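Open your viewer and get ready to select a few pieces one after another. We will stop at each and look at what is there.

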Amino acid sequence: MTPLLIALQFLTRLPVRLAGMPTPAQLGRSLLWYPAVGLLLGLLLVTAQQLLADVQVLLQAALLLTLWVGLSGGLHLDGLADSADAWVGGMGDRERTLAIMKDPRSGPMAVLVLALLLLLKFAALVALLEAGEALALLLVPWLARVLPPLLLLSTPTCVPAAWVRPWPTTCRAASCPGCWPPTGSPSPCSAARACWPCWWPGCCSSGCAGCCGGASAAPPATRPGPCWS
């Protein structure tokens with residue numbers, strides 16, 4: 001259950017405590033629980049909506065949005081703010097872009113993007129509530145936490161640090177359903193042979209790269225993900 005607790009601690013502000021320092025394998029496997037955490041957040045939002053069913057729609061949407069941000073701790077908003085500042089302020093320069101992403105301060109572009117996003121989310125909530133489609137609140141948080149593992153799987157790293165390993169170079173097809181086409185012995189990964197990252201037990205012989213985001217500069221002891229091996 002430790003990987004699930006790690007995912008809950010990282011993706012939510014629910015009061016979760018770990019018994020001790022997690023192992024690299026547990027940190028990696030916590031990624032598999034991200035969709036389950038998204039489903040839990042969706043259930044909490046749907047439950048809250050049912051409790052607020054008699055409240056005026058605009059106020060109901062505002063309360064649900066506040067709860068949504070509070071439950072997630074604004075994690076996605078923080079990453080978006082970093083990305084907005086870096087994309088605009090970097091002006092196409094890679095090193096400048098990465099330096100801005102590591103800066104904990106938020107610039108005017110970050111504030112503008114967050115304000116527009118929250119406005120759009122509020123308007124979307126109002127539209128869903130007026131249409132009687134509140135069950136969509138169950139789907140959206142789940143979908144938002146299904147995508148990060150796929151993003152880590154399909155994108156290279158943009159931070160050439162020593163603790164970020166390259167994509168796996170060898171697949172053990174006998175124990176890894178993610179290797180395709182399958183073979184009976186270890187074989188090189190190539191454009192024609194896909195391999196799942198190392199959070200699938202026994203799958204690959206090395207770690208994997210990930211994407212840049214709000215936590216891209218965090219050390220391996222604090223940044224959960226599939227790449228610690």
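Start by colouring the chain by pLDDT: this is a predicted model, and its average pLDDT is 75. Of the residues, 69% score at least 70.

Now select residues 161-229, where pLDDT stays under 50. The model has 153 contacts beyond four places in sequence for this stretch. Where pLDDT is low, predicted coordinates should not be read in detail, so let's move on.

Next, select Gly20, in the loop between α1 (2-11) and α2 (24-29).

For the last stop, show helix α3 (residues 34-51) together with helix α4 (residues 57-72). Two packed helices are described by the angle and the distance between their axes. Here the axes come within 10 Å and cross at roughly 155°. Angles over 145 degrees count as roughly antiparallel, so α3 is roughly antiparallel to α4. The crossing of α3 past α4 is right-handed.

Which residues meet here? On the α3 side, pick Leu41, Leu44, Leu45, Ala48 and Gln49; on the α4 side, pick Gln60, Leu64, Leu67, Trp68 and Leu71. Colour the residues of this α3 and α4 contact by type, and you will find eight nonpolar, two polar and no charged.

Conventions:
Residues numbered from 1 in each chain as written. Predicted model: local features only at pLDDT ≥ 70, side-chain atom pairs only at ≥ 80, totals over all residues. Heavy atoms only, no water. pLDDT = per-residue confidence, 0-100. Contact = heavy atoms within 4.5 Å. Axes fitted to C-alpha atoms, helices over the stretch in contact; angles between N-to-C directions. Helix = DSSP H or I, 4+ residues; strand = E, 2+ residues; numbered from the N terminus. Parallel < 35°, antiparallel > 145°, perpendicular 65-115°, else oblique. Left-handed = near helix turned anticlockwise from the far one by under 90°. Nonpolar A, V, L, I, M, F, W, Y, C, P; charged D, E, K, R; others polar.
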